[in-house]
Amino acid sequence: MDPVLTSTLADIVRNAAPLLIASQGELITERAGVVNLSLDGTILLAAMAAFAVTYNTGSLGMGIVVAMLIGMLVALIVISASVFLKLNQIAVGFVLTLLCADLSTFFGRKYSGQQGTEIPYAPIPILEDIPVIGEVFFQHNILIYFSLLLVIFIWLWTYHTRLGLSLRGLGEHPAAAYVRGTRVQAWRFVYVAAGGALVGLAGATYSLSVKLGWREGSTLGNGWIALAIVIFGGWRPFRIAFGAYFIVGLRALALYFQQEDVLNLPIQIINMTPWVLMLVTLIFVTSGLAESLLVLVPPRWRPAAQNLLRAKPPAALGSNFERS
Amino acid sequence: MTAFRKILIQISRNTVLGILPLLVGILVALAAILLILNNENVELRAVYDLIYERTLSLPENRANVVDFWLPILLCCCGLLLTFTAGLWNIGIEGQITMGAVGATSIALFVELPRNEQIFTELFMAGAAGGTWALFTGIMRTRGGVNEIFGGVAMNFLASSFSSYLLVAPWSPPNATGSATVRFPANAILPSMDDYRLSPITIYITLTAFIFVLLTLSGSRWGLQLRAMGKNEKSAQMLGVPTERNIWLAMLICGIMAGLAGGHLVLFRRANLPANVSGGIGFLSLLVVLLASIRVRWVPFVSFAFALLYSAGLPLRTRLQLDASLIGIFLGILVFCVLIFDGVRQRLKERVEQRKLLAASGGEKSPPPSTVEIQIGQEASSGSGSN
């Protein structure tokens, strides 16, 4: 394979890691029936905090832990406000995203443009030597491998464990889950905290691995993209992973076109392409247009295709559950 | 006790309880800012003095605050309609940007007599903002794309499009793509003699506010929007034309945001800069959230926000503090108000439950059952979902 293409694919795997981690975090949050809209601000704040802590202490582990704690804390605020005060999850999430973004700007100004530490490169012996696949998947650092394993883990957890079944129950029909003996609120807190921690980890992945260092607004917009990818992916781990790679792949393509002067289009126009394509795909998948085209698929393959194109949100998403 | 006194006590109790979350929110936000300032070795008094000096001390500074306030209030007016209908028009930043682009397209390339020129520019600003918002509305109703994500995407598209115009077709010779050339004098909105304020923008904003006030408080359409905000599906079942109302609310909000964008380029800047909206759309969303969709509060809250925001730049130059400090203060304030308003509501509910229990002679409630409480609009329409 062309070495340029192989290295581009490896770049896509690396650059998509934070989006992948954040969107998988939001996936489990939404599967538990809670919308955490604070992703964009949380990723910014976590990225800044991870860099600042690592810069000051020299400990990468500490930076990552602090970023995850920040993500967890913000997510817990969203669910606590919803559960205890019955506040609108969207409103709280939106205010928190703006607040976290401003906090990252204010406290991060000392670290802007500073040289920091990077997560060490850790190729996996033997596997790294496999032609093409080795370079694309096994010549990265530990956070990138984690992002790949996370997709498989969340898929297994959600669809192949008893706890995963109860997770889906929390988002689809909490009352039924409660009757079956699931402690709805407690488990929602657990999943939202875990999802928030992953969002925080996504921030750390940006500042310590993908976009090294900190600069004001350096990850701005990626939280919103992660939220959109969850819808694009129909609340399914592998489709979400595909969405993350698709978006990052488009960005890489735009950069390639610009460098090679292939299309002779300004970068601003090329930058619009992922958003246009995402909107078109969202409309295609969520409007039912895709399903109406299923008649063109041979009947034998129709159920599988229907399942693939399905994009139904958890039925109780955004709602609060209360015993009375 | 006379009935009149009872009513007076009730009114004053309701007012106090209504304002309490705001007061607590201000106190908590101030305490947080105090902590931050202490950490930065800056006195609160110095910040206060600077804000006062740059905003209220001189007539021209006061006029500057009002000039900053008008587009925010205009955006808030539009957002009141969409919020009442349960729509999160996060795409308002993009609508402001497109309004500014629309106005610029006329200001730079069309030459008409003064009045026609201004009218055409403002018309284009409103049309561009309105169309941009309408896209989001159509995507919501026909494409199943939630307005939050549709709006975010439209924001990015508007921002990229405006950047493209600045670096390519509208870029002045030998420029870096940060702004267009200054508009000709004929294209700029007229100013008052004594203060640098645009009477046209004042009239537009005043008209918009009265329109929204009357619409929401005393019209059939306002009632329909309220019903949709409570539960869109139920409203639809009761015969409310929800799709048409969503389009109309988004369109009007977009027009108002577009006009705000038009004001920014046709008066405040006299050219089209990069990032023209400067976050005033999100600021307006915070205002409407803080005012909890109470129309009468919005002008005061938006003025307070404008006053604080217009003092942001001097903070950086004079006290080496980042302008984001104001954003932190406002963020904490809105967050605390939301939280304490939630606390107040829950306490009120608990008191009412106790009263009911006492009235029923202390009988216990029926055996436990599970109920689901739908929070806001997103529950019925599937927020963050499609």
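**Reading the model**

Author: Let us start with exposure, taking Asn41(B), which counts as exposed because it has 6 C-beta neighbours inside 10 Å. The rule is that a residue is buried if 20 or more other C-beta atoms lie within 10 Å of its own, exposed if 12 or fewer, and partly exposed in between, with C-beta atoms placed from the backbone. This is a predicted model, in which local features need pLDDT of at least 70 and side-chain atom pairs count only at pLDDT 80 or more, while totals for chains, interfaces and linings use all residues. Residues are numbered from 1 along each chain as its sequence is written, and chains are lettered from A and ligands numbered from 1 in the order in which they are written.

Reader: Where is Asn41(B) found, and what is its phi?

Author: Asn41(B) sits in the loop between helix H1 (3-39) and helix H2 (44-55) of chain B. Helices (H or I, at least four residues) and strands (E, at least two) are DSSP runs, numbered from the N terminus. The phi of Asn41(B) is positive, about 60°, although the residue is not a glycine. Ala270(B), in the loop between helix H10 (242-269) and H11 of chain B, has a positive phi near 65° and is likewise a residue other than glycine. Ala270(B) is partly exposed, because 18 other C-beta atoms lie within 10 Å.

Reader: How is the packing of two helices to be described?

Author: Two packed helices are described by the angle between their axes and the distance between the axes. Axes are lines fitted to C-alpha atoms, for helices over the stretch in contact, and angles run from 0 to 180 degrees between N-to-C directions. In chain A, the axes of helix H1 (residues 3-31) and helix H11 (residues 237-260) come within 8 Å and cross at roughly 140°.

Reader: Which orientation term applies to H1(A) and H11(A), and which residue classes make up their contact?

Author: H1(A) and H11(A) are therefore oblique to each other; angles under 35 degrees count as roughly parallel, over 145 as roughly antiparallel, 65 to 115 as roughly perpendicular and the rest as oblique. By class, their contact has 14 nonpolar, 5 polar and 1 charged residues. Here Ala, Val, Leu, Ile, Met, Phe, Trp, Tyr, Cys and Pro count as nonpolar, Asp, Glu, Lys and Arg as charged, and the others, Gly among them, as polar. Two residues are in contact if their C-beta atoms, placed from the backbone, lie within 7 Å.

Reader: What does Arg14(A) touch, and is it buried or exposed?

Author: Arg14(A), in helix H1 of chain A, counts as buried because it has 20 C-beta neighbours inside 10 Å. Not counting residues up to four places away in sequence, Arg14(A) touches His140(A), Ile144(A) and Val210(A). The C-alpha atoms of Arg14(A) and Val210(A) are separated by 6.9 Å, although the two residues are 196 apart along the chain. A second case is Val151(A) in helix H6 (residues 142-160) of chain A, whose contacts beyond four places in sequence include Leu20(A), Gln24(A) and Pro237(A).

Reader: How many residues of H10(A) are buried, and what covers them?

Author: In H10(A), 11 of its 11 residues are buried. Their cover includes H1, helix H2 (39-57), H4, H11 and H12 of chain A, together with helix H6 (147-167) of chain B. After H10(A) comes Gly234(A), with a positive phi near 60°.

Reader: How many residues meet where chain A touches chain B?

Author: The size of an interface is often given as the accessible area lost when the parts come together. Here the description is by contacts: 55 residues of chain A are in contact with 51 residues of chain B. H4(A) gives the most to the chain A side, with 13 residues. That side divides into 36 nonpolar, 13 polar and 6 charged residues.

Reader: Which domains does chain B have, and how many of their residues are in contact?

Author: The assignment, automatic or from a database, gives domain 1 (61-309) and domain 2 (311-357) of chain B. Their centres, taken over C-alpha atoms, are separated by 25 Å. In chain B, 7 residues of domain 1 are in contact with 8 residues of domain 2. The domain 1 side has 6 nonpolar, 1 polar and no charged residues.
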